[in-house]
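Please keep the sequence and the coordinates at hand while reading.

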There are 2 protein chains.
Amino acid sequence: MKTVTVSLQERSYLIWIGAGILPSGLVPFSSILKDWKHAFLLEDANAAWFGDHVANILNQSAVRCSRMTIPSGESSKSIDQLGSIWNTMLDAKTDRKSIVVAVGGGVVGDLAGFAAASFMRGLRFVQVPTTLLAMVDSSVGGKTGINLPKSKNMVGAFWQPHAVVADIIALDTLPKREFISGLAEVLKYGIIMDRQFFSYLENNVEQILNRAPDTISYLVQRCCELKAGVVSKDERETLGLRAILNYGHTFGHAIEACTSYGQYLHGEAISIGMTMAGKLAVERGLWGADEFDRQTRLLSDLRLPISLVQPVATKDLLAAMQSDKKNEHGNLTLILPDSLGHVSPYRDIPIDDVAATIEYNRSKS
Amino acid sequence: MKTVTVSLQERSYLIWIGAGILPSGLVPFSSILKDWKHAFLLEDANAAWFGDHVANILNQSAVRCSRMTIPSGESSKSIDQLGSIWNTMLDAKTDRKSIVVAVGGGVVGDLAGFAAASFMRGLRFVQVPTTLLAMVDSSVGGKTGINLPKSKNMVGAFWQPHAVVADIIALDTLPKREFISGLAEVLKYGIIMDRQFFSYLENNVEQILNRAPDTISYLVQRCCELKAGVVSKDERETLGLRAILNYGHTFGHAIEACTSYGQYLHGEAISIGMTMAGKLAVERGLWGADEFDRQTRLLSDLRLPISLVQPVATKDLLAAMQSDKKNEHGNLTLILPDSLGHVSPYRDIPIDDVAATIEYNRSKS
């Protein structure tokens, strides 16, 4: 078992990583839990089997468990679902000594985190990610929230978990397409801040796709280390440092929005988004074409999509990009690579160049 | 014009107090606002006339104003209304450089504060209270939130305003019953922490009821000073210090809940709640009957209700009290006076004594 520390003064916490660490009792829940007597488990419908493991472990610590199951999928991150969670928490006699435990992917983590942040103005919570995407990205860093009908992640809170337990066996039942989608964020860390890690990925494609436990544990650990470093320096995204994590995301979020969050999984949209952002960087003379080609090749090797096959109008994508909340008063900020392992923010990209990149990408599909 | 500072390190802010200070431009909005270019005004339907003043002042500083009106009354503090605010904020192109301005009483302040805390995971906001209750209590301290159908203020955030502007002329159109309701919280500060202020209130009943501007300005200033002192020491209610502000509120919230928030105004319920809590303290031998009588007399002189006239079953009130979020794992904590100007928390009051106090109060109506 490995641990990674997210250093945030009094809000610091540990990420526990390994295969089988939760059901075997290796995670010291009793010391994490202290005087808590009640846990409210929010579970993705697809992760209920792993929720059973969590409930067993908590029951062994004499913690009363309430459980609520959420339908899988982005559409659960709605105002209605959040309201239903709040009411269920109240009915379950959740109070300020309770903990909220998220068992699932990013949807459940974001929902449970915001419910924890807001119920009684703030309860502690624990993330138990059961998807690769959640393990390497969404469960770490304290971003929580829901979608509005017209815009993703528009409402929420910065609310740090009290612990993250990334048990690799939770991925056992993860569908192949979901697993591969998570690899997009893994690759992203290589591009934005770790050239050596990118090479590791290039050299271990087979083990990755076969989900070799040691390989996957290492991927999760390295991504968490990298993300923890960024989050520690810029917890609330006020310094611009954390923005590098959004590489490919302005394009990606727009792709998701313009396909009603139903066509592409998040990682798939980010994969296409990184391909667009990378190409734009090359066209602007910021990034070498050879390194961009390595990105494209690795995305393809990992079975990730690199072009937009759906008929989405360029003007709709551009409009969606401009409404992204990272932008202020209408200016578009893009994170673009300048060398493998390093990215920078750019605020001065002509909108016509962005449009040309989208057109080019579509022409390759 | 007077100012009171709420000291919370980097979250410190000023409360500006005086008659006519906002429309006359005395409040240095341009320095408070800095680089903000857009304000989202959330206004109580009854305070739109004062919202006009706010919009004028902001327009003079070249700030674009979006305005949204909320129906008056506690029922606006709902999930549906909050969702509607979030969507309207998005349509108004609110972003992280925008400010949210609450113009109204506690309902609008709580709603706007939580909307500001959660939209894009946190925007700055300014409180412009237009009721006495909001000026002396709810606009200061950073408690924001909404109600769930079964429980008040159950969801929200600790989110400090960036400034509070308490302009006494905003009270000009406040109905008499609402004004008097606000006096319950004013009197509360005397009981819990300022014996001298309590005497001042006793000696100035006529000026208070006539709303003499200097007298009301002083009341607001003194209440804000007292509350600011408590909030500075225990911002998130974790140390137990802030709990003294809840004197009368466990009873009061239960009274409001059991009458569906429709029978009593908040201050009226708190007035009855303080009468119950005070009587309980006397019966338990904690507080002198003479000081309790002074409390009762001043409440009556200020035209506040001191007994429950609605037929509410004692068992319903007790159940509602036990579900109050101040309690942990079912234990009832009550704030009771031990001398005029001082209260303490008590966790060991037999439920039968609480029931007897409620029965006694009802018998006096």
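A salt bridge is here a side-chain nitrogen of Lys or Arg within 4 Å of a carboxyl oxygen of Asp or Glu. By this rule, 44 salt bridges are counted over all chains. This is a predicted model, in which local features need pLDDT of at least 70 and side-chain atom pairs count only at pLDDT 80 or more, while totals for chains, interfaces and linings use all residues. Residues are numbered from 1 along each chain as its sequence is written, chains are lettered from A in the order in which they are written, and side-chain values use heavy atoms, with hydrogens and water left out.

Within chain A, A:Asp137 and A:Lys227 are joined by a salt bridge with an N to O distance of 2.9 Å. A:Asp137 belongs to helix 5 (residues 132–138) and A:Lys227 to helix 9, so the pair ties together parts that are 90 residues apart in sequence; helices are DSSP runs of H or I with at least four residues, strands are E runs of at least two, and both are numbered from the N terminus. Both A:Asp137 and A:Lys227 are buried, where buried means under 20% relative accessible area, exposed over 50%, and partly exposed in between (1.4 Å probe, protein chains only).

A second pair in chain A is A:Glu202 with A:Arg294, whose closest N and O atoms are 2.7 Å apart. A:Glu202 is partly exposed, at a relative accessible area of 28%.

In chain B, a salt bridge links B:Lys279 to B:Glu283 at 3.2 Å between the closest N and O atoms. The two residues are 4 residues apart in helix 11 (residues 266–283) of chain B, which means that about one helical turn separates them. B:Lys279 is buried, with a relative accessible area of 16%, whereas B:Glu283 is exposed, at 54%.

Salt bridges also occur between the chains: the count between chain A and chain B is 4. In one of them, A:Glu237 pairs with B:Arg96, the closest N and O atoms being 2.9 Å apart. On the side of chain A that touches chain B, helix 3 (79–91), helix 4 (106–118), strand 7 (143–148) and strand 8 (151–158) each supply at least two residues. The contact (heavy atoms within 4.5 Å) takes 38 residues from chain A and 38 residues from chain B.
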